[in-house]
Amino acid sequence: MFKRLFGRRQDAPRTEEEAQREEEQVVQSLEKSRQGVFGRIAQMFQTDDPITDELWDELEEALIQGDVGLETTQYLVNRTIDRVNRYGTKRAREARDMLKAEMVRVFQEQVKPAPPTTPKPYVVLVVGVNGAGKTTLIAKLAHRYKNRFGKRVLLAAGDTFRAAATEQLETWAERAGVPCVSLGQGADAAAVVYKAIDAALEQDVDVLIVDTAGRLQAKYNLMQELEKIRNIIARKLPGAPHEVILVIDATTGQNGVLQAKAFLKSAGVTDVAVTKMDGTAKGGIAFAVAQDIQRPIRYLGTGEKLDDLALFDAQAFVDALFAEDHR
Ligand SMILES: Nc1nc2c(ncn2[C@@H]2O[C@H](COP(=O)(O)OP(=O)(O)O)[C@@H](O)[C@H]2O)c(=O)[nH]1
Ligand SMILES: [Mg+2]
């Protein structure tokens with residue numbers, strides 16, 4: 001069901017081969033997590049030992065250590081215990097799939113069906129704090145839309161605040177082989193977006209992806225700027241932006257999730273991308289993100305290259321955390 005719902009999105013379907021390659025990337029990006037607490041959890045549920053209270057205590061401790069977050073951890077542990085009691089399960093090994101099923105559920109609770117028709121241009125707004133991986137994600141998405149789905153892609157350099165941010169996007173655009181609308185550093189971000197929409201309409205663009213600033217300091221009001229950008233997009237293209245992706249850096253842990261929450265209201269976030277999965281041993285952060293942000297995780301960043309992007313699949317993710325032949 002999970003895959004089918006995503007299947008109606010712009011960037012689907014994946015071929016069997018593509019899905020497999022992405023799953024392999026996810027498995028690789030979770031190597032550190034498996035070497036850490038998730039490998040330990042997998043081991044705890046690999047034995048024929050009887051299920052004891054200590055097992056649950058250990059699981060709780062490990063999940064918290066793995067950045068799952070207190071609330072989500074308790075939710076997961078309690079629901080697994082409920083299942084175990086309901087089925088009269090006695091051995092740790094037999095509880096393993098119950099734990100995994102509850103883990104998968106944490107993600108699936110957020111999935112909502114996408115609209116059946118594809119508007120044009122399809123506008124994707126990308127938001128998140130500085131350094132989260134917005135610009136890199138945009139490059140990966142551009143590459144993906146263009147090369148995998150043959151879409152005409154245009155980028156908009158809406159992070160006009162940070163020095164070199166527009167050049168960085170232009171460099172990535174070149175690498176991905178897509179055009180980019182930029183007015184340089186210091187320009188009005190809303191003006192960039194305005195110009196980009198005109199260009200998209202003129203050039204028959206399928207997908208317009210908009211980069212934004214991520215500076216969270218006072219004085220400069222980022223949230224106001226994001227609202228303004230949203231309004232301009234909506235005024236020029238009713239129904240747009242069609243996707244607002246909140247980018248969260250997996251290596252920033254619970255604090256990163258907390259910071260990301262600031263974007264929910266003003267940016268109208270519809271989806272989440274979790275980046276740098278390859279850079280942390282605490283892949284459990286994905287569970288905390290799903291529960292705290294209350295939006296579906298769409299993408300996982302699995303590295304720094306154009307190809308290092310996987311469509312998020314809850315079952316594949318949980319399987320990868322437990323992957324035995326990779327431990
Ligand atoms: N290892 C790894 N690094 C990433 C990933 N995504 C982004 N980065 C790195 O994170 C840093 C910040 O990325 P950038 O896209 O500039 O963040 P922005 O400020 O949100 O636009 C860069 O050095 C990227 O190469 C990822 O999935 N894995
Ligand atoms: Mg950037």
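The exercises below concern a predicted model and each is followed by a worked solution.

**Exercise 1.** Classify the orientation of helix 7 relative to helix 14 and state which residues make the contact.

Solution. 
- Step 1. Helix 7 covers residues 92–108 and helix 14 covers residues 285–293; their axes come within 8 Å and cross at roughly 45°.
- Step 2. Angles under 35 degrees count as roughly parallel, and 65 to 115 as roughly perpendicular.
- Step 3. Helix 7 contributes Met 103, Val 106 and Phe 107 to the contact, while helix 14 contributes Phe 287, Ala 290 and Gln 291.
- Step 4. By class, the residues in the contact of helix 7 with helix 14 are five nonpolar, one polar and no charged.

**Exercise 2.** Repeat the analysis for helix 8 and helix 9.

Solution. 
- Step 1. The axes of helix 8 and helix 9 (residues 165–176) cross at roughly 20° and come within 9 Å.
- Step 2. Angles under 35 degrees count as roughly parallel, so helix 8 and helix 9 are roughly parallel to each other.
- Step 3. The crossing of helix 8 with helix 9 is right-handed.
- Step 4. On helix 8 the contact uses Thr 135, Ile 138, Ala 139, Ala 142, His 143 and Lys 146; on helix 9 it uses Gln 168, Leu 169, Trp 172, Ala 173, Arg 175 and Ala 176.
- Step 5. Sorting the residues of the contact of helix 8 with helix 9 gives seven nonpolar, three polar and two charged.

**Exercise 3.** Describe the shell around ligand 1: which residues are closest, and which helix gives the most?

Solution. 
- Step 1. Ligand 1 is surrounded by 19 residues, of which Gly 133, Lys 134, Thr 135, Thr 136 and Gly 301 are the closest.
- Step 2. Helix 8 (residues 134–149) gives the most to the shell around ligand 1, with three residues.
- Step 3. The shell around ligand 1 holds two nonpolar, twelve polar and five charged residues.

How values were computed:
Residues numbered from 1 in each chain as written. Chains lettered and ligands numbered in written order. Predicted model: local features only at pLDDT ≥ 70, side-chain atom pairs only at ≥ 80, totals over all residues. Near = placed C-beta within 6 Å. Helix = DSSP H or I, 4+ residues; strand = E, 2+ residues; numbered from the N terminus. Nonpolar A, V, L, I, M, F, W, Y, C, P; charged D, E, K, R; others polar. Axes fitted to C-alpha atoms, helices over the stretch in contact; angles between N-to-C directions. Contact = placed C-beta atoms within 7 Å. Parallel < 35°, antiparallel > 145°, perpendicular 65-115°, else oblique. Left-handed = near helix turned anticlockwise from the far one by under 90°.
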